[in-house]
Amino acid sequence: QVQLVESGGGLVQAGGTLRLSCVGPGRTFSIGAMGWFRQAPGKERESVAAINYSGGRTYYADSVKERFTISRDNRKNTVYLQMNSLKSEDTAVYYCAAGRGNGLENFDYWGQGTQVTVST
């Protein structure tokens, strides 16, 4: 079973920064694209950012463009989400996702989630 373990969530004031990390499985499993999703209370889960295996292609939701940056270190099987200029509307549970393929829209494996709370 593929395990994804997120870390880095917490409570931060509006305008602050956080960096989320997600450690993926070891080399036993072939992982392509990775991404971050979030779900706020009472809302549907939404895609935040995604990155292909090489890092050459990325996707960002309009609401986080220019504020969030996704990156990955394949040697460490880790994907990161640098979140700057946080807003109260960024408050949500953030989930890491990984896909067997390299497309930025299809994901097969999910982490347990990490809470991000932005206070005003």
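Reader: In what order do the 4 strands of the open sheet stand?

Author: The order is β1-β3-β8-β7. The pairing is antiparallel. This is a predicted model.

Reader: What makes β1 and β7 the edges of that sheet?

Author: Each has a single partner strand, so one side of each is left without a neighbour in the sheet. β1 covers residues 5–7 and β7 covers 68–73. From one strand to the next, the twist averages 15 degrees.

Reader: How do you know that β1 and β3 pair?

Author: Pairing takes at least two bridges. β1 and β3, residues 18–23, are joined by 3 bridges. They therefore count as paired. Within this pair, S7 stands opposite S21.

Reader: Why is S21 called buried?

Author: Its relative accessible area is 15%. Buried means under 20%, so S21 qualifies. S21 lies in strand β3. Leaving out residues up to four places away in sequence, S21 touches V5, E6, S7, W36, T78, V79 and Y80.

Reader: W36 is on that list. What is the bridge partner of W36 in β5?

Author: The partner is A49.

Reader: What makes β4 and β5 a pair?

Author: There are 5 bridges between β4, residues 34–39, and β5, residues 46–51. At least two are needed, so the two strands pair. They run antiparallel. The hairpin they form has 6 residues between the strands, and there G42 takes a positive phi near 80 degrees.

Reader: How do you know that β5 also pairs with β6?

Author: By 3 bridges to β6, residues 58–60. With at least two required, the pair therefore counts. These strands also run antiparallel. I51 has T58 as its bridge partner in β6. β5 and β6 form a hairpin with 6 residues between them. G55, in the turn, has a positive phi of about 90 degrees.

Reader: Why is A98 called buried?

Author: A98 has a relative accessible area of 0%. The cut-off is under 20%, so A98 is buried. A98 is in strand β9, residues 92–98.

Reader: Which residues does A98 touch, not counting those up to four places away in sequence?

Author: They are L4, I31, A33, M34, F107, D108 and Y109.

Reader: What separates the C-alpha atoms of A98 and I51?

Author: The separation is 9.7 Å. Along the chain, the two residues are 47 residues apart.

Reader: What makes β9 and β11 paired strands?

Author: They share 3 bridges and run antiparallel. At least two bridges make a pair, so β9 and β11 pass. A92 has V116 as its bridge partner in β11.

Reader: How does β2 run against β11, parallel or antiparallel?

Author: Parallel. The two are joined by 4 bridges, and β2 spans residues 10–13. V12 stands opposite V118 in β11.

Reader: Which residues of β11 are on its covered face?

Author: T114, V116 and V118 are. The uncovered face has Q115, T117 and S119. The strand spans residues 114–119.

Reader: How do the lining residues of the second largest pocket divide?

Author: Into 2 nonpolar, 3 polar and 8 charged. There are 13 lining residues. R38, A40, K43, E46 and E89 lie nearest the centre. The pocket has a volume of about 180 Å³.

How values were computed: Residues are numbered from 1 along each chain as its sequence is written. This is a predicted model: local features need pLDDT of at least 70, side-chain atom pairs count only at pLDDT 80 or more; totals for chains, interfaces and linings use all residues. Side-chain values use heavy atoms; hydrogens and water are left out. Buried means under 20% relative accessible area, exposed over 50%, partly exposed in between (1.4 Å probe, protein chains only). Contact means heavy atoms within 4.5 Å. Axes are lines fitted to C-alpha atoms, for helices over the stretch in contact, and angles run from 0 to 180 degrees between N-to-C directions. On a 1 Å grid over the protein atoms alone, a cavity is a set of points where a 1.4 Å probe fits but cannot get out, and a pocket is an open set with protein on both sides within 12 Å along at least five of seven lines; lining residues have an atom within 4 Å of a point. Grid points are joined across faces, edges and corners, and a volume is the space filled by probe spheres set on the points. Ala, Val, Leu, Ile, Met, Phe, Trp, Tyr, Cys and Pro count as nonpolar, Asp, Glu, Lys and Arg as charged, and the others, Gly among them, as polar.
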